[in-house]
Amino acid sequence: MVSPSPFVYWAQDANNIFIKVDLKDIKDPKVDLSQNYVAMTASGVGAHGPSDYSFALNLFGDLDPNDDVHQTKMSPRAVEFVLKKANSSWWPRLIKHQQKPAWLKVDFERWKSEDEDLSDSNAENAGAKDIMGDYPELYEKLKRDEFGYVKEDIRKVYLAFYNLTQFVFFTYILVVMGIRFMKDGYDSLPGTYDAVGPVFKFAQLFQFLEVMHPIFGYTKGNPMVPLAQVTGRAIVLFIMIELEPRMQTKPVVFYLFLIWSIIEVVRYPYYITDIYKRTIGLLTWLRYTIWIPLYPLGALCEGIIILRNIPYFEETQRFVVSMPNSWNFSFHMPTLMKLYLLVLFFPGIYALMTHMYRARIKKLGPKKWKAKFY
């Protein structure tokens, strides 16, 4: 069983690190102190009530190797450490890693700014300072750092959960399609939409969150790019396929779902690694290369679906508004579909391929991918 961690508060001046462990009625304390490491285990009463507690910190910088210069004070309410730095310098944070554990807090009561530390060394009767009142800019910075960790954690957890969920959806779709194809061969193609359509529709609706991510600052980039991509897919899925049962049994739906799913099972794992600043060379290369054959094939499948739907929409008069009417307005959906195929289809493919090519050059470069891949 993993022992819980107590709340640990820290502060610093130019020469020392101050650590206070919020643990009462301490019994059997064991402290491990090295040049850049502090750890402690003890029994006591902390945030989780009476229990065995432990924590470990990999420090940002080095401490003085002489153990005699460090001080440890134990009281009924806390354990306090005064650790001397190896060099007189200000640390940007206490621990080496930027990801701060939730139980590590800033001790605002003991914090001194660098300016205050210098003034205290030059003045014989320097009075006590209040960081909140005397150093509001420093206090605001520390407060942003303190709560910024929490905000960053929530953002990363949410994005990782979203991308993992989408990866599971599209992996499920590929597995089901693959099992059905291995079992029935090409006879499985007409039943593809009935088998995986509900999951695909849910995953597609879920993708509209990707339009909101850059708006709320969760990801970088222009929200219009995911809006165009997600909306285009939604039109094909919900209007061209869902509303026309005769299209649902066509083999082209199988190929379209296959292409879309392969793209996504590569894209979402790449996003997860990017969230945590991890680079997997093969995955990065696939993310920025697999679109070269698959995007044109996917666009071709979408064009075939729209083209074959034109006579169906003319027959059913779906989304057709005829005159006369109270709005004095007419709209003919089959004509719009024809204009899209004649005027916008190929420019749209060109714009998408150009965007992806620029992203590939920016990420991999002409020669960078070789170093990352190997």
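**Close-up views of strands and helices**

**View 1. Strand S6 (residues 71-74) and strand S7 (residues 79-84) pair in the antiparallel sense, over 4 bridges.** Here, two strands pair if DSSP finds at least two bridges between them. Helices (H or I, at least four residues) and strands (E, at least two) are DSSP runs, numbered from the N terminus. Look for Lys73, whose bridge partner in S7 is Glu80. With 4 residues between them, S6 and S7 form a hairpin.

This is a predicted model: local features need pLDDT of at least 70, side-chain atom pairs count only at pLDDT 80 or more, and totals for chains, interfaces and linings use all residues. Residues are numbered from 1 along each chain as its sequence is written, and side-chain values use heavy atoms, leaving out hydrogens and water.

**View 2. An open sheet of 3 strands runs in the order S3-S4-S5, with antiparallel pairing.** Strand S3 (24-34) and strand S5 (49-58) are the edge strands, each pairing on one side only. From one strand to the next, the twist averages 10 degrees (axes are lines fitted to C-alpha atoms, for helices over the stretch in contact, and angles run from 0 to 180 degrees between N-to-C directions). S3 pairs with strand S4 (residues 37-46) over 7 bridges, and Lys27 stands opposite Ser43 in S4.

**View 3. Helix H10 (residues 291-316) packs with helix H11 (residues 333-363) at an angle of about 170 degrees, their axes 10 Å apart.** H10 and H11 are therefore roughly antiparallel to each other (angles under 35 degrees count as roughly parallel, over 145 as roughly antiparallel, 65 to 115 as roughly perpendicular and the rest as oblique).
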